[in-house]
Number of protein chains: 2
Amino acid sequence: MFISGCMLQYALLHLAGYDSVQTEDLKQFRQWGSRTPGHPENFETPGVEVTTGPLGQGIANAVGLAVAEANLAARFNKPDAKIVDHYTYCILGDGCNMEGISNEAASLAGHWGLGKLICFYDDNHISIDGDTEIAFTESVDKRFDALGWHTIWVQNGNNDYDAIRAAIEEAKSVTDKPTMIKVTTTIGFGSPNKANSYAVHGAALGTKEVDATRANLDWNYEPFFVPEEVKSHWSKHIDLGAKLESDWDASLEEYSQKYPEEAAEFKQLISLELPENWASSLPEFTPADAGDATRNLSQRCLNALARTLPGLIGGSADLASSNMTLMKMFGDFQKNTPGERNVRFGVREQAMGAICNGILLHRSGLIPYCATFFIFTDYLRAAMRISALSEAGVIYVMTHDSIGLGEDGPTHQPIEHLASFRAMPQMLMFRPADGNETSGAYKVAVLNRTVPSTLALSRQKLPNLEGTSIDNVALGGYTLSCNATDNKPDLILLATGSELEIAAKAAELIRAEGKTVRVVSFVCWELYEQQSAEYKESVLPKAVTARVSIEAGSTFGWERYVGLKGKAIGVDHFGASAPANILYKEFGLTVENLVAKSKEVMA
Amino acid sequence: MFISGCMLQYALLHLAGYDSVQTEDLKQFRQWGSRTPGHPENFETPGVEVTTGPLGQGIANAVGLAVAEANLAARFNKPDAKIVDHYTYCILGDGCNMEGISNEAASLAGHWGLGKLICFYDDNHISIDGDTEIAFTESVDKRFDALGWHTIWVQNGNNDYDAIRAAIEEAKSVTDKPTMIKVTTTIGFGSPNKANSYAVHGAALGTKEVDATRANLDWNYEPFFVPEEVKSHWSKHIDLGAKLESDWDASLEEYSQKYPEEAAEFKQLISLELPENWASSLPEFTPADAGDATRNLSQRCLNALARTLPGLIGGSADLASSNMTLMKMFGDFQKNTPGERNVRFGVREQAMGAICNGILLHRSGLIPYCATFFIFTDYLRAAMRISALSEAGVIYVMTHDSIGLGEDGPTHQPIEHLASFRAMPQMLMFRPADGNETSGAYKVAVLNRTVPSTLALSRQKLPNLEGTSIDNVALGGYTLSCNATDNKPDLILLATGSELEIAAKAAELIRAEGKTVRVVSFVCWELYEQQSAEYKESVLPKAVTARVSIEAGSTFGWERYVGLKGKAIGVDHFGASAPANILYKEFGLTVENLVAKSKEVMA
């Protein structure tokens with residue numbers, strides 16, 4: 001596995017014989033429709049395994065790739081058959097090392113003793129603003145030592161290839177710690193006037209300096225020309241790679257003979273198909289079933305799925321007992337028990353998301369989930385966005401989803417978070433209302449292996465409602481109840497999650513006064529938007545403009561469904577610290593207020 | 001200065017004689033309307049200087065407080081008069097140390113050599129999920145050593161007060177490095193059955209264990225009773241504090257006599273009032289002035305304000321030359337030049353925001369700004385939210401505000417970011433269209449010392465438009481041009497930033513066909529929302545439903561202004577890597593498309 005940035009990565013893919021990057025592709029660097037966009041993206045260019053660009057994500061991705069390898073190796077390798085056995089290589093620069101996410105990821109890698117993770121720190125002393133002396137004077141080696149890594153220093157990384165080779169060998173010999181090889185280099189090596197300067201970081205050398213560099217390096221070939229000597233050296237890797245692949249195929253065949261059961265599971269995983277009947281394990285509910293917090297219902301789902309999905313692996317950022325994310329039949333993924341599937345991320349939300357991206361993009365069928373309080377998506381948002389962009393179906397289990405968490409107060413109460421994810425492309429944002437909707441959210445989330453899902457789950461207990469179902473969730477928005485005989489109710493109430501119960505109760509009261517009322521659950525806006533115009537008209541008929549939404553979060557965006565004549569009840573401030581029931585009352589998230597507002601829009 | 005968490009902090013304030021926390025307040029912990037919310041918040045409780053809750057923010061705040069002290073001390077102290085001279089104390093736990101933001105902040109503190117910053121690491125080996133052995137086995141001391149800190153270990157932090165006192169003295173004696181005092185403690189010390197367990201982290205002890213703890217500690221007083229001995233010990237600090245204050249007042253008086261000019265500036269700063277005529281320095285433009293990127297116009301504003309605002313201090317996360325944030329008349333705030341005002345944050349976005357919160361909440365009149373690419377607000381969002389919650393008017397200078405940045409591609413192109421901040425309470429989100437709007441955004445941002453502002457600024461050049469003005473920005477949304485003689489134009493076009501030019505051009509074309517068209521600039525939604533219903537009707541008359549918005553970002557939320565009969569042109573996907581003009585064309589952000597959509601809504 002190999003992670004790096006920009007043109008270098010494309011050039012290496014090209015030299016290594018990837019059809020995906022031809023000479024013509026290299027010439028189209030950063031152009032419309034090319035396979036060589038400004039930053040390598042896994043969904044654009046075969047051979048690119050993770051999406052690069054935002055600093056620090058790469059090393060956390062690499063930790064995730066190494067976690068996937070360690071987990072699968074522990075589960076499937078046998079003393080006489082290693083079918084999972086590879087290193088993860090990563091290059092990181094000064095900028096990556098400044099980012100907090102990289103320290104989080106490195107701390108976990110050290111804790112887990114990921115011996116097959118080998119990182120090269122390109123120590124060139126230059127970042128975009130100039131010499132790193134202006135902002136980065138810590139001792140990176142000593143920090144990695146403190147984090148439990150093995151560290152090596154290659155003093156001349158410009159052309160001391162033997163030292164680099166020796167460092168890699170040494171790194172491989174240390175099996176109980178990840179290795180960080182500090183490679184001191186000169187940025188723009190070979191450029192007589194711009195080497196060792198920030199001028200070569202993000203800008204082209206320019207014709208004149210390119211000529212000077214060619215002269216300096218004695219490089220007399222045309223642009224994009226690969227000399228035969230280089231080509232033949234690199235092309236050896238094509239045959240070598242093919243042989244490695246066929247050897248591995250043969251060893252998997254042998255493994256299948258000896259260990260048919262394990263092989264079946266392994267092949268199922270790497271097929272990237274879900275096992276048959278996996279979804280049948282999800283619990284279903286009726287209104288007679290006792291109510292529960294959706295975070296607890298989520299734990300039932302995770303534990304049910306753990307039995308039918310051998311790929312499920314995940315955990316929480318030090319909130320397992322609040323997020324309810326432990327799979328009870330498994331132990332912890334730790335240095336000495338890497339085959340287990342409960343991951344303890346510590347209070348490292350940012351790295352957690354990016355590590356899950358790495359686990360998923362290992363593309364071996366693992367289905368990572370991770371958890372914290374919904375408010376702390378603010379910490380891992382960059383990684384969540386990379387999930388969406390990278391087509392990585394990570395499942396984000398986000399509990400304590402509103403002011404309903406109560407006493408912890410404004411620093412812990414999500415307000416704008418639902419809206420902020422609804423605005424993000426390629427992210428499914430669920431806010432289930434009860435048991436069936438929680439199961440339904442998991443069903444969609446697991447099915448969507450190339451789209452991440454975020455589940456906002458309640459701390460507080462919620463009843464199982466009449467009219468919910470697992471399958472309805474896939475519609476995104478659906479009619480929970482309606483007493484109109486045609487598609488023209490007097491009023492439409494829209495709600496999600498914990499407020500769906502309020503809407504259902506308000507509807508009863510208004511119906512008792514002789515009105516026709518429809519209650520619509522908007523559990524996942526993105527799925528609703530994918531429905532046909534006809535379906536949407538059947539749920540939200542254009543002719544009915546008396547609409548009120550209620551949701552314990554920002555009202556931002558609800559105009560899409562309530563229109564300019566409707567009303568949106570929500571929380572457009574930072575909340576407060578008090579018991580949840582008091583907050584609901586004080587902030588007008590009540591049946592009474594919903595009835596009152598409904599009467600206003602019907603007037 | 002003192003930073004800590006929850007009940008302990010309230011109890012200390014109470015003992016220290018703060019009127020704000022009476023016995024009755026302590027009894028109302030976590031209750032509606034109390035001064036003792038679940039997490040101490042600076043806007044609720046006098047004596048609380050920063051808002052706590054999200055882990056890792058505290059140490060970064062502390063670094064900001066220490067930066068403010070160092071900057072002001074260097075600028076105003078004289079060999080014979082130290083008017084700025086205090087330590088910043090911070091307590092951080094295992095969880096804080098796991099967060100990446102704390103490593104970023106600590107790395108900067110070490111780099112800057114903040115000798116008057118003293119942090120206590122409460123090394124109790126317990127976090128919410130249990131023993132830190134499960135996720136946190138790095139050597140924290142060694143890491144801080146590597147970051148350039150002085151480190152001290154107090155082995156028995158439970159009751160070896162002499163060792164703690166000695167550690168503080170040692171820390172004070174080290175003046176060129178911040179100090180981290182690792183204080184090994186037992187969580188729940190004194191509780192016979194729950195000490196050293198995660199059970200005492202977030203939950204109450206329970207009556208039985210409280211009784212057992214009282215017996216164990218031989219504590220025979222009623223709840224909330226403070227024995228006379230304790231009271232008299234603590235009350236000494238009231239007189240001591242009063243004396244320190246009057247001494248300082250006297251020394252400031254002396255300073256004012258000796259150094260009247262410096263004293264005038266210092267008093268101006270700490271008055272928290274803005275100097276007279278500060279805003280007159282902001283540049284004004286006419287359509288005849290050459291167009292420019294709003295990031296460049298922003299630099300003109302910052303450099304103009306730097307001359308009239310002695311409190312302005314700030315910088316970028318290693319993108320100063322892209323964000324255009326250098327104040328050219330100043331040098332860098334560095335270890336040996338702490339009186340300078342350009343701050344080099346390195347690639348540490350999260351700490352940058354939280355450090356700015358600390359600088360501002362030092363409440364000495366400093367006006368911090370910080371910068372990165374708009375997309376990387378994903379990294380510092382948690383700190384930005386704390387700015388909003390804490391009533392800290394930090395100015396966030398966010399350039400490369402859309403797909404208009406071009407070749408860097410999807411990982412660098414903000415899409416949902418405008419919507420995500422518009423949904424956040426107490427945050428002003430500006431997207432200026434030209435020179436006047438950029439100046440206007442700065443004017444509002446500087447005026448709002450208790451509300452943070454985010455400015456989304458273009459990489460690409462934009463023309464100065466007819467109809468913009470500095471003062472119009474304060475209205476949030478205003479009519480740029482309208483050829484209707486009444487308040488009933490045939491069409492309203494709404495736009496922000498770089499797309500306002502497109503709207504103006506489209507309006508011209510449609511007007512040429514005999515229609516009346518109004519163009520509205522929506523530079524800051526939050527300010528528009530604050531206007532009167534009458535004003536709003538004058539801009540967006542209810543009777544006119546033919547409305548089209550255009551903005552190079554998510555259309556999410558635009559229904560608020562275009563209604564269900566209008567249309568929103570935007571970018572509801574992740575963009576692409578290519579030159580900006582090609583992206584605008586491919587994604588339909590064109591005059592032609594706006595004209596076409598306008599005709600549809602008018603039909």
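Tutor: Helix 11 of chain A is largely enclosed by the rest of the structure, because eleven of its 15 residues are buried (under 20% relative accessible area, 1.4 Å probe, protein chains only). Helices here are DSSP runs of H or I with at least four residues, numbered from the N terminus. This is a predicted model, where local features need pLDDT of at least 70 and side-chain atom pairs count only at pLDDT 80 or more, while totals for chains, interfaces and linings use all residues. Side-chain values use heavy atoms, without hydrogens and water.

Student: Which residues of helix 11 of chain A are buried?

Tutor: Among them are Arg295(A), Gln299(A), Cys301(A) and Asn303(A).

Student: OK, switching topic: what area is buried between chain B and chain A?

Tutor: About 8,100 Å², with carbon and sulfur atoms giving 57%; that's accessible area (1.4 Å probe) lost on putting the two together, summed over both. Trp32(B), Phe556(B) and Phe574(B) supply 11% of what chain B buries against chain A, more than any other three residues.

Student: And how many salt bridges are there between chain B and chain A?

Tutor: Ten, taking a Lys or Arg side-chain nitrogen within 4 Å of an Asp or Glu carboxyl oxygen. One salt bridge joins Arg30(A) to Asp408(B), with the closest N and O atoms 3.5 Å apart.

Student: Which helix gives the largest share of the side of chain B that touches chain A?

Tutor: Helix 14 (residues 377–389) of chain B, with eight residues.

Technical notes: Residues are numbered from 1 along each chain as its sequence is written. Chains are lettered from A and ligands numbered from 1 in the order in which they are written. Buried means under 20% relative accessible area, exposed over 50%, partly exposed in between (1.4 Å probe, protein chains only). Helices (H or I, at least four residues) and strands (E, at least two) are DSSP runs, numbered from the N terminus.
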